[in-house]
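User: I am new to this structure and would like to learn how to read a few of its features. Could you take me through them one at a time?

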Amino acid sequence: MQPHSQTVTFGSVLAPLLQQHIAEKRALGCRYDSAAISLRALDRYLTARDVCHPSLTRDVVEGWIARRPNESPKTQASRCVVLRQFCLFVERQGYAPFLPDSRLVARPQSTFAPYIFSEQEIAALFAVIDTVRPHPRSPDRAQIIPLVFRLLYGCGLRISEALHLHVRDVDGTHGLLTIRDTKFRKDRLVPVAPSLTRRLQGYAQLVLASRAPEAFFFQAPDGGAWHSRVWYDLFRHALSQCGIAHRGRGQGPRIHDLRHTFACHRLARWLRDDMAVDLALPILSTYLGHESIYQTQRYLHLFPQLYPEITSRLAGYCGTVIPDEEVTP
């Protein structure tokens, strides 16, 4: 996640329409960064094909959506989705572009299932993470790394949200995080448990004494935000050290599975403490930054297998929100 949406420039005859389409999507609340990059590639393709009229022909459209060597069906489908949405926009402007077949834009169903860590595995993982030592190029890493991972599991943050926290976003007095410009282009407040608040306070006193409010709370050695790739590598190393097998690229456990684990563990604790279901699920959904409890479904689809003794309490309230069968994550 970047703090602001990316600016993309175009040079083909469709440049004005491309800019207007992106502006419309963002005005509707979509971040539209990856789609904008796809449209920039489309713009180059149109320039190379000497397309000189906004009414995109069948030949041009089918040339763009044709599957490329070594391209996965999912990647091809993503390009089709972006192009079809743009063609529909162009059509609304009074032109007659060829619309790609809607059947081509259906994304192949994923069979990936998130990995839900047991509480024992979480304890083992943090026992390893807490052994991190300072490095000459990053003297604060021994404080930063354990704290970032605790925010991922303890608050259910996305890794991008944790790495883009600014000093002004962390209220150690009241135990609140302000997560800005989230996946759904909204800000949200995230309450932090007292034990984790004390860790944030200790880190701030030790590391942030003279840092400006607009500075990153977790500052990389170059003064900017950490790159998420560093954290994926740290996570894989910690898994190996504590004996949790990785199932291969694209199979997990992923760093994002700490967020899935937070959701399952938190809901289970609330229900075991006799919190009403009609209170627990909306709170969890809001805490995660979802727009409805149905978006929270993907985080809980393993819940019946993990907690069969309390799953029955959910049935009367939410029906298929907690499904019996696995759904696409």
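**Reading burial, contacts and packing**

Analyst: Arg 158 is buried, with a relative accessible area of 10%, in what is a predicted model. The cut-off for calling a residue buried is a relative accessible area under 20%, so the value for Arg 158 falls in that class.

User: Where is Arg 158 found, and which side chain does a polar contact join to that of Arg 158?

Analyst: Arg 158 lies in the loop between helix 6 and helix 7, the latter spanning 159-163, and a polar contact of 2.5 Å joins its side chain to that of Glu 161.

User: Is Ser 12 buried or exposed, and what is Ser 12 in contact with?

Analyst: Ser 12, which belongs to the segment before helix 1 (15-27), is buried, with a relative accessible area of 9%. Once its neighbours within four places in sequence are left aside, Ser 12 is in contact with Leu 18, Asp 43, Leu 46 and Thr 47; with Asp 43 there is a polar contact of 2.5 Å between the side chains.

User: At what angle do helix 6 and helix 10 pack?

Analyst: Helix 6 (residues 141-154) packs against helix 10 (residues 257-272) at an angle of about 50 degrees, and their axes are 7 Å apart. Angles under 35 degrees count as roughly parallel and those of 65 to 115 as roughly perpendicular, so helix 6 is oblique to helix 10. Helix 6 contributes Phe 149, Leu 152, Tyr 153 and Gly 154 to the contact, while the residues from helix 10 include Phe 262, His 265 and Arg 269. Sorted by class, this contact has 5 nonpolar, 3 polar and 2 charged residues.

Conventions. Residues numbered from 1 in each chain as written. Predicted model: local features only at pLDDT ≥ 70, side-chain atom pairs only at ≥ 80, totals over all residues. Heavy atoms only, no water. Axes fitted to C-alpha atoms, helices over the stretch in contact; angles between N-to-C directions. Helix = DSSP H or I, 4+ residues; strand = E, 2+ residues; numbered from the N terminus. Parallel < 35°, antiparallel > 145°, perpendicular 65-115°, else oblique. Contact = heavy atoms within 4.5 Å. Nonpolar A, V, L, I, M, F, W, Y, C, P; charged D, E, K, R; others polar. Buried < 20%, exposed > 50% of the residue type's maximum accessible area, 1.4 Å probe, protein only. Polar contact = N/O pair within 3.5 Å; in protein donor to acceptor, adjacent residues only side chain to side chain.
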